[in-house]
There are 2 protein chains.
Amino acid sequence: MNFIAQALNLSKSAAKRLEERNILRKALVKHPFFADIEEAFRFEKKFGQFEEGTVVVKAKDTLKVFRGFPKIRRALLLHPTIKKHFGSREVVLEEKMNGYNVRIVKIGENLYAITRRGLICPYTTEKARILIDDEFFRDYPDYMLCCEAVGKASPYVPTDVYGIETLDFFLFDVRDGRTNKPVTIDEKKEIAEKYNLKLAEIIATVSADDIEKMREVLEKLDRNRREGVVFKDRKMELNPLKYTTSYANQSDLMYAFRFFGEYGRDFMLSRVIREAFQSFEFEEVEKEFNERCLRLGKAILEPMIESIKACKRGEMVYEESELVFENQEVIELFKMHLKLLGVDFTIEVLDDGRVRLKRFMRSTSDRIRGILQGSPWK
Amino acid sequence: MNFIAQALNLSKSAAKRLEERNILRKALVKHPFFADIEEAFRFEKKFGQFEEGTVVVKAKDTLKVFRGFPKIRRALLLHPTIKKHFGSREVVLEEKMNGYNVRIVKIGENLYAITRRGLICPYTTEKARILIDDEFFRDYPDYMLCCEAVGKASPYVPTDVYGIETLDFFLFDVRDGRTNKPVTIDEKKEIAEKYNLKLAEIIATVSADDIEKMREVLEKLDRNRREGVVFKDRKMELNPLKYTTSYANQSDLMYAFRFFGEYGRDFMLSRVIREAFQSFEFEEVEKEFNERCLRLGKAILEPMIESIKACKRGEMVYEESELVFENQEVIELFKMHLKLLGVDFTIEVLDDGRVRLKRFMRSTSDRIRGILQGSPWK
């Protein structure tokens, strides 16, 4: 692992600490599809300036660093949070899409797609090689195209609100892999145009105290079942902030409570706090407030009861998605990748060539089953 | 701390482990009101067979052990849990009251009240000395009267559903302090009658598969805003199980979300899981289910928004109760006791002699205040 210290310019003592803290993990399954990569490791946790999900790659005759995508802090109130953070700067409202965060990069001769935690995903990589013209990387060889991977054929976050049958990429940041410095919004727009990349929609540019416009944008997104907004400094000198719609908070809860053994505890409180501050800020009348409460209660109880009923019928609780592969060998590689992730799954090739992925939620299933069989709780 | 090893009959190595694990804490504030006690320590965690909350006391010429009240496991489904646990035994349904658990014991010449975690509470002790005739302890000197302390003038769980203006004790278990062995339900009834002690209501005795009767009891308790039931083996050879009403689950949530900085995370998931399994088992029709969801959503959002509004008005979030002391010196001692507990409080003597206690919830208040001032979340 000497190459990691070298790639990151670590001092001897820092390199030693990195090893002691044991936060490096394999970033991929070795395979001819990933032929450009000799070795790659990811940071499972933040280390010094290096974000969680940072990847260090040893390629044929070069070492590459791809910094983890930075955590974006959240505004729970638009006022006064946005003004306090952005002051007199121009604030760009971009749509925060509901998919999974990938960094598309070039290593050797090919494109690679790195997920948030720093894993090189074969399925996403295959799609990136098809959909993304690598022209961009001739001009920006060490940059990352930070995209939301969105669509129905998503192995991680399948969604159909965008009308995308398979999977597509929407660019939201262009960053230097080594420094993580982003280009400005204007440069990003130019890049998207020049290299024919789809952008996560830039909805509006406003002053930091134009709460009314922000509210208008968010209410429209909420009605259209969209996730929310990322507020950005037009010059990208300040960190962005995010804000999610009630629709997004409540769908998160539905997801988390369907799989409450896996997700419930961590997810819940934060989503509910978002709802409370939004309801407070939006000064809802009683009818709206009651509707929000009913939706919230349902978002929690309905999915749990569905999972209980599934177990009662003798099924396991699982999440299903249908994927579309171009190469047979990538299916096999993707299976190995899911094993590396520790996912409990089955994969089934359908008559039309699509691939049905089921991710079994063992903790939820086992807990429900125990209770149905008459075990007390704890 | 030699006397602890001696009182518990610990081997040398066990005594050493006990010291290393550092789980002993002071059980009281030294004071003439506690004159019978030279020293007393409590177990902050379980240690071997000794439950959390176990207290070891060095009194004038004796060592006493009062075992912690055992955790009662919870049934999330009546069927098949109760049957599986109790088999062919007679199951006694006792009301689970909503107060705080105390063990009333005799040390030297006086009664003492020990709270769940093993602290000797001056306020509760004062009430016990007034309300409980110590006749019982002449016959059972080393036993504990395990009671729920209930009423409006409660420093920990103020409640007015029982129509008790001050504080009263309801006996639910009689246990040997040293072994934690309980007497049977029939013996407990005799003891209550003989020594004139109030019982937590014994509502019914049923067979373990009489789910209908259990449902009937629970539905009535729910309508009366009561907490739930403890299911007990009439002979007290098997461990009890508990089951709470929807009313109780939802009031817990209201409490936890009012003080979400202090309680939210731990409380929430478990309460919601209880609601889901109850709704599943009770096979609710849509109207009932929607009502449950609305109540649940409100139980979560309303108290949070109330706390946000309080902070917006410049207040701190706090819990208030009004206590009734008999002795002036106990007020001072109780203040020291709250300091020992690490509570952030004020105490104010009202014109009519009652004492208003406010417990400030600093974590909730600080977090809300930060957000109102425009700080992002995390």
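**Close-up views of a predicted two-chain model**

**View 1. Strand β2 of chain A and its partners.** Five bridges join β2(A) to strand β3 (residues 55–59) of chain A, and these strands run antiparallel; strands here are DSSP runs of E with at least two residues, helices are runs of H or I with at least four, both numbered from the N terminus, and two strands pair if DSSP finds at least two bridges between them. Within β3(A), A:Val56 is the bridge partner of A:Phe41. Strand β1 (residues 24–26) of chain A also pairs with β2(A), in the antiparallel sense and over three bridges, with A:Phe43 of β2(A) as the bridge partner of A:Leu24. The model is predicted, so that local features need pLDDT of at least 70 and side-chain atom pairs count only at pLDDT 80 or more, whereas totals for chains, interfaces and linings use all residues. Residues are numbered from 1 along each chain as its sequence is written, and chains are lettered from A and ligands numbered from 1 in the order in which they are written.

**View 2. The contact of chains A and B.** The contact takes 39 residues from chain B and 39 residues from chain A, two residues being in contact if their C-beta atoms, placed from the backbone, lie within 7 Å. On the side of chain B that touches chain A, β5 (73–74), α3 (81–86), α9 (260–281) and α10 (286–312) each supply at least two residues.

**View 3. The relation of the two copies.** A rotation of 180 degrees with 0.0 Å of shift along its axis superposes chain B on chain A, with RMSD 0.0 Å, by least squares on the C-alpha atoms of residues with pLDDT of at least 70 in both. This is the relation of a two-fold axis.
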